[in-house]
Amino acid sequence: MPFSNSSELSPSFILASIPGLEAAQSWMAIPLCSAYVLAVLANGAVLLVVRAEPSLHAPMYFFLCMLAAIDLALATATVPRILCFYWFGSREISFGACLLQMFLIHTLSAIESTVLLAMAVDRYVAICHPLRHAAVLTNGTTAKIGLLAMARGVLFFLPLPLLLLPLPFCGPRVLSHSFCLHQDVMNLACANTTPSVVYGLTAILLVMGLDAVLICLSYLLILKAVLRLAAWRERLKVFSTCIAHICVVLAFYVPLIGLSVVHRFGKDLAPLVHIIMGNIYILVPAVLNPIIYGVRTKQIQRRILSLIHVTDR
């Protein structure tokens, strides 16, 4: 029988496991743990390098620090709980913990999307209006953008858990992933979820959807400005300053779109597909972002190599 959340002191959900591979989950957790450790070390190194190097105290690198902090928070909000499940068999997650994790995942993703848009605008101003770049994007403006991104994420996605809070849920309440997502939890409700569906879709479109459109518009304007340059070598040199950001945008939006497609059209797919797509969505940006910028940014490379050299000595 369906029951309401108020009918139990601690209603809970069951994290998804892979049918037939439960015994191998402890081994499957090893690459997941390795990716998490790599994400923590790489993003932590970016934060330390930018903090320690005065020449990197500029808007572009402050945005990079924001991405690193967001990726650290997002991975830490999910991966340790997944590892507890894989290594210790703790599949059950309380209703409150599930809603909190769900709120953190969606809010941090919204903040990251806003920061990626701000970085696209930074590239647009730097290439199309280079004389105004220093005046428009100051360190103070960058800090305000970071606060605005946080406020935007919280205000848009705080209603998601609040809309789910009064709903009754049916058992067995088994999730499709090893962590809590709004679509996943909502599908287990034994009541009308239309308000939650409508608001969730609206929030996604007004945040991630709008940001993606504005990022594409920024790069269309950048491409238009680059094509005005006479020499191909000069065009490639200018546009190469955007390569790292384009890769980071793809690393964020491709898993996001893939996960959305799996939720919308992949009801008949194997559980392994849902779990893999969920883990890719959580960990791929966190692992790739610092590597991409570390490879593309000579100042970060030099600082990290100098730190390694000092440590070896």
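1. The others, Gly among them, count as polar. The model discussed here is predicted.

2. Start with the second largest pocket. By those classes, its lining has 6 nonpolar, 5 polar and 4 charged residues. The volume is about 300 Å³. In total, 15 residues line this pocket. Nearest its centre lie Met60, Tyr61, Thr241, Arg296 and Thr297.

3. Which helices each supply at least two residues of that lining? They are helix 2 (59-88), helix 3, helix 10, helix 11 (271-296) and helix 12 (298-312).

4. Now the largest pocket. Its volume is about 730 Å³. The lining has 25 residues, and Gln183, Gly200, Leu201, Ile204 and Ser260 are the closest to the centre. Two or more lining residues come from each of helix 3 (95-128), helix 7 (182-186), helix 8 (194-227) and helix 10 (243-265). Helix 8 gives the largest share, with 8 residues. By class, the lining of this pocket has 14 nonpolar, 9 polar and 2 charged residues.

5. On annotation, an unreviewed UniProt entry lists residues 27-49, 61-88, 94-121, 142-165, 197-222, 243-266 and 272-295 under "transmembrane region". Two of these spans can be set against the model. Residues 61-88 are 100% helix and 0% strand, with end C-alpha atoms 39 Å apart. Residues 272-295 are also 100% helix and 0% strand, and their end C-alpha atoms lie 32 Å apart.

Key:
Residues numbered from 1 in each chain as written. Predicted model: local features only at pLDDT ≥ 70, side-chain atom pairs only at ≥ 80, totals over all residues. Heavy atoms only, no water. UniProt positions renumbered as here; feature names shortened; annotations may be inferred. Helix = DSSP H or I, 4+ residues; strand = E, 2+ residues; numbered from the N terminus. 1 Å grid on protein atoms, 1.4 Å probe; cavity = no way out; pocket = protein on both sides within 12 Å on 5 of 7 lines; lining within 4 Å. Points joined across faces, edges and corners; volume = space filled by probe spheres on them.
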